[in-house]
Amino acid sequence: MHAQNTLAALLLLHTGVTAQTPGMLDPNFNTNGYTITDLSGANVYDGAVGLATSTSLGVTTYFVLGTAEVPASTGTKFTLALYGADGNLQSSAFHQIDPTDITQARACARVNSIVPGQSNYFITGLIELPNGTKVWHLAKLGASLTLLTSFSDNGWTETNLGGPNTDVAAMAVQPDGKVILAGYIDDNIALLRHTADGPLDVAFSTDGRVVSNVPGGIEDKASALAVAQDGSIFVAGTVLLDNGQNQRRGFVGKYLQNGDLDLGWGTNGFIMLHWGGSGVNDPWGTAITGSSFINSMAIGPDNKLVVVGRSVSGGTEPDQDFCIARLNADGTLDPGFSTDGKQRVGFAPAGNGANVDGATSVVVDGEGGVIVAGEVQGSTASKVGIARFNPNGAPDTDFGTSGNGMLITDFGGLGHTVGQVLLDAQGRIVVTGSWRSLQSTTTNSFIARYIGVVVGVLELSAVEGIISVYPNPVAGPTTFEYTLAEVERLTITLTDLQGRVITTFLDGQMMPAGAHQQTVTMPPQLAHGNYLLVFSSPNGRMSVQISK
């Protein structure tokens with residue numbers, strides 16, 4: 001990592017007195033913890049599906065991707081939005097090639113810009129042309145939310161896989177800038193890899209395309225994608241078993257860097273997962289006899305795979321729960337997670353004795369905790385459900401206020417869907433999705449931020465290991481503990497949220513490699529509020545929000 005001049009620094013804020021409970025909505029984000037935005041500007045559908053975050057020069061920004069209807073038209077378009085750390089909308093734009101196209105956003109990712117202090121974004125989705133042809137769409141945007149024409153000459157590229165039964169679901173960006181897309185074509189798993197400049201990568205299965213099917217399955221749909229540190233490509237989704245009983249299972253597949261299946265992993269490159277459950281019809285009337293579905297996947301700091309989705313049990317009413325599994329690198333279930341590698345939890349049923357819960361996104365925090373987000377619903381409208389599991393798979397009873405590691409958020413209206421959850425540079429939990437108003441014709445995008453457990457996954461090339469700042473909230477003497485990988489000229493300052501320096505604790509001092517501990521005194525005139533503690537060197541910069 002030093003050779004790449006990038007190191008992730010994990011910064012934990014320790015305190016004996018906690019003013020904010022992990023899992024509570026962050027009052028520093030739009031005062032109530034969430035923002036609902038009508039990105040379409042009309043009483044039509046718009047909903048967010050993708051989320052990316054960047055922190056540069058102490059400033060945090062959230063990029064949100066979604067889909068919106070075009071008023072008085074059959075077309076739809078991509079919505080693009082940037083929100084500040086305070087939760088306010090900074091800018092928004094639309095991306096659409098032709099107003100008659102039906103565009104559906106699927107995923108996004110942040111990539112580094114050649115311009116210091118800026119970020120670029122990849123977005124992907126499905127476009128249905130007026131003649132019914134469906135193509136996979138990939139575009140690259142600059143920090144101003146405009147297309148970067150250097151990417152594939154016009155800022156975007158499309159791939160026709162040759163069939164109407166196709167969709168793209170997930171994306172991942174490799175360290176070398178190549179972009180992998182995952183979805184399905186004619187009930188088979190489909191993968192594309194684009195070069196950093198846009199064309200399909202001929203080093204990936206000779207033409208940039210891979211189509212596979214899960215052994216024993218007749219309908220395979222990829223929904224999640226992750227790239228391991230060694231370049232291995234993992235794909236997860238749901239497969240319909242070829243047993244005539246309409247049963248579905250989650251699957252995970254492993255591919256080599258060249259696009260070949262790793263046939264020594266699992267069974268011919270695949271494993272199947274099921275969380276139990278007997279027959280029942282789902283809310284959409286589809287018979288699913290004891291089925292499990294995988295919707296999202298993440299790789300933790302220990303290189304273990306975490307997959308999440310929903311699992312269905314029988315009864316007179318549908319009972320669907322969040323399901324989570326953690327896999328070792330060899331594809332076996334990790335017994336260190338909930339003794340058998342799997343966990344299934346349902347949020348409290350409301351009214352009718354059944355619950356319809358489904359996890360749609362997952363992220364692994366710096367402590368190895370698993371944070372899962374999705375929709376939960378009893379007899380009333382769907383709400384946002386979030387759960388955190390400790391590294392051993394047990395629910396984190398300190399997360400939220402219910403004592404069971406789960407929380408439910410309701411922004412009002414007729415229902416919610418969850419697009420994505422991630423952690424920002426300060427370790428806060430950020431969720432985006434769609435919110436349906438009481439006027440049933442209107443659906444808007446939302447972004448919400450919650451207090452995290454681990455505070456701060458920040459970039460500074462000079463730092464490795466764990467940095468501690470305590471106590472927090474700060475009062476009087478405050479101690480910094482950090483480890484430098486090499487000799488660095490280090491500056492440590494305290495600034496307000498606008499970046500104005502209040503005091504400097506260390507000013508360009510050469511610090512040797514190794515562990516350091518410094519105790520400083522906060523300015524006695526410092527008013528109560530939120531501030532940024534900034535560590536900087538010629539090799540990088542990071543900041544974290546602290547309170548008094």
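Predicted model: local features only at pLDDT ≥ 70, side-chain atom pairs only at ≥ 80, totals over all residues.

Reader: How many disulfides does the structure hold?

Author: Zero disulfides.

Reader: OK, on to the aromatics. How many aromatic pairs are there?

Author: The count comes to nine aromatic pairs. Take Phe29 and Tyr62: their ring centres are 6.0 Å apart and the planes sit at 75°, so this pair is edge-to-face.

Reader: Where in the chain do those two come from?

Author: From distant parts, 33 residues apart. Phe29 is in the loop between β1 (8-13) and β2 (34-37), while Tyr62 is in strand β4 (residues 59-69). Both Phe29 and Tyr62 are buried.

Reader: What about Phe122 and Phe151, why is that pair edge-to-face?

Author: Because their planes are at 65°, and over 60 counts as edge-to-face. The centres of the Phe122 and Phe151 rings are 5.4 Å apart. This pair also links distant parts of the chain: Phe122 belongs to strand β8, and Phe151 to the loop between β9 (134-141) and β10 (156-159), 29 residues apart.

Reader: Is Phe122 buried or exposed, and what about Phe151?

Author: Phe122 is buried, at a relative accessible area of 1%. Phe151 counts as buried with 1% relative accessibility.

Reader: Which residues form an aromatic cluster?

Author: Tyr34, Phe411 and Phe446 form one.

Reader: Switching to charges: what sits over the ring of Phe94?

Author: The charged end of Lys77, 3.7 Å from the ring centre. Over the ring of Phe293 you'll find the charged end of Arg310, 4.1 Å from the centre.

Reader: Last one. Where is Asn120 found?

Author: In strand β8 (residues 119-128).

Reader: Is Asn120 buried or exposed, and what does Asn120 touch?

Author: Asn120 is buried, since its relative accessible area is 8%. Leaving out residues up to four places away in sequence, Asn120 touches Ala109, Arg110, Val111, Asn112 and Ser113, among others. Its contacts also include Lys140, Leu141, Gly142, Ala143 and Leu148.

Technical notes. Residues numbered from 1 in each chain as written. Heavy atoms only, no water. Helix = DSSP H or I, 4+ residues; strand = E, 2+ residues; numbered from the N terminus. Buried < 20%, exposed > 50% of the residue type's maximum accessible area, 1.4 Å probe, protein only. Contact = heavy atoms within 4.5 Å. Phe/Tyr/Trp six-rings, centres within 6.5 Å; stacked < 30°, edge-to-face > 60°. Lys NZ or Arg CZ within 6 Å of the ring centre and 35° of its normal. Disulfide = S-S within 2.5 Å.
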